[in-house]
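Hello,

Here is the structure for you to look at. Notes on the charged side chains follow below.

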Amino acid sequence: MLSARSLFQEILDDDEAYRLFCSIAASGEEQGGWENGRIAALVPEEQRALAPKIARHGADEDKHGRIFRALLRRRGLDPAPVPYDTDYTMLLERSGIGLPHTLLRGDGPLTEQDIVTYLAHSRVTEQRAADQMEMLITHFGDHPEVGRAIRMIAHDETNHLSYCHEELLRLVREGHGRTIRAVLRESARTEIRVYRDVSLAVMARMGEILRWSRPKALALSLGIRAVYGYERLAGWRRMVTLRMPERRDALSGTPASEPEFA
C-alpha cells in the first residue's frame, strides 16, 4: 500500500535515499536563512520594527539546515549534491517567488512594496512547510531517530506561518489589501506548480535509489499529479486566506539555540 508513512519509512531505511532527502532539505533551509538575513538587513525605515522578526525567521531556517546536517552526521553520511530540478527554494526564486537575489545582494534599502511582497510570498511557502511538518509529526513525531528534529522544526514552522498572517493583516489595515490579495493568488498558483515539478523530480530519484517497480513509480507520479489537480482547482485557497493566529507575536525574542542536537 502506498502512503506517506510507508514512503518516508523507505527513505529512512535506506542510507542513500536518506542522504539525498536530508541534503535537499538542508540546502533549502540554508538558502531561506540567507534570504531572510539579507531582507532583515535591508528593511526600509518605515518597516524597521519588522527587522528583528525577519532576522529571527532567518535564524530559524539556518538552525533547520544545521539540524538536517546533524542527522546526516549521526549516520556517518556526507551531504549529497542537490540536483537542480529538486531544489525547491531556488526554483521558486527563479519563478518569481521570493525577492530576487540580485536585489538582496545589493546594499540599497528595500521598499515597503518589497516587504509586502516578501510577506505574501512567505505566507504561501510557509503554508506548504507547515503542512508537510504536520504530516511528518503525525507519522514520525515519536520516531527515535528523527522525531525530535521533526518536532522542533514543526514548532518553528507554525511560528513562521503565524507571523506571516499577523503581519499581513497589519499591512491590510494600512492599505495594502489589494496588492496582498493579488500577490497571494499569483504566488499560490506558481508554488503549486513548482511543488508538483519538484515532487516528481524527487520521487524519480528516490525511485532510482530504492529500485521501485515501474507500476509503483507510475502510481506515485499519478498521485502527485492528482494532488496538483486538486490544488489547482481548490486547494490553493488555504494558501491565500488570512486569519489572526492563535500564536501572537510569534517571532519576538531571541531564537532558541540547539547546538546540543548535533
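**Salt bridges**

R205 is partly exposed, at 26% relative accessibility (buried is under 20% relative accessible area, exposed over 50%, partly exposed in between, with a 1.4 Å probe and protein chains only). Its side chain meets that of D85 in a salt bridge, at 3.1 Å from N to O (a side-chain nitrogen of Lys or Arg within 4 Å of a carboxyl oxygen of Asp or Glu). R205 lies in helix α7 (residues 147-210) and D85 in the loop between α3 and α4 (88-94), so the pair ties together parts that are 120 residues apart in sequence. Helices (H or I, at least four residues) are DSSP runs, numbered from the N terminus. D85 is also partly exposed, with 30% relative accessible area.

The model is predicted: local features need pLDDT of at least 70, side-chain atom pairs count only at pLDDT 80 or more, and totals for chains, interfaces and linings use all residues. Residues are numbered from 1 along each chain as its sequence is written, and side-chain values use heavy atoms, with hydrogens and water left out.

A second pair is R69 and E30, whose closest N and O atoms are 2.5 Å apart in a salt bridge. This pair links distant parts of the chain, 39 residues apart: R69 is in helix α3 (residues 51-74) and E30 in helix α2. R69 has a relative accessible area of 27% and E30 one of 28%.

Within helix α2 (residues 15-42), R19 and E16 are three residues apart, about one helical turn. Their side chains form a salt bridge at 2.9 Å, N to O.

K53, E167, R170, E174 and D249 are linked in a salt-bridge network. The whole structure has 19 salt bridges.

Regards

Notes
Helices (H or I, at least four residues) and strands (E, at least two) are DSSP runs, numbered from the N terminus.
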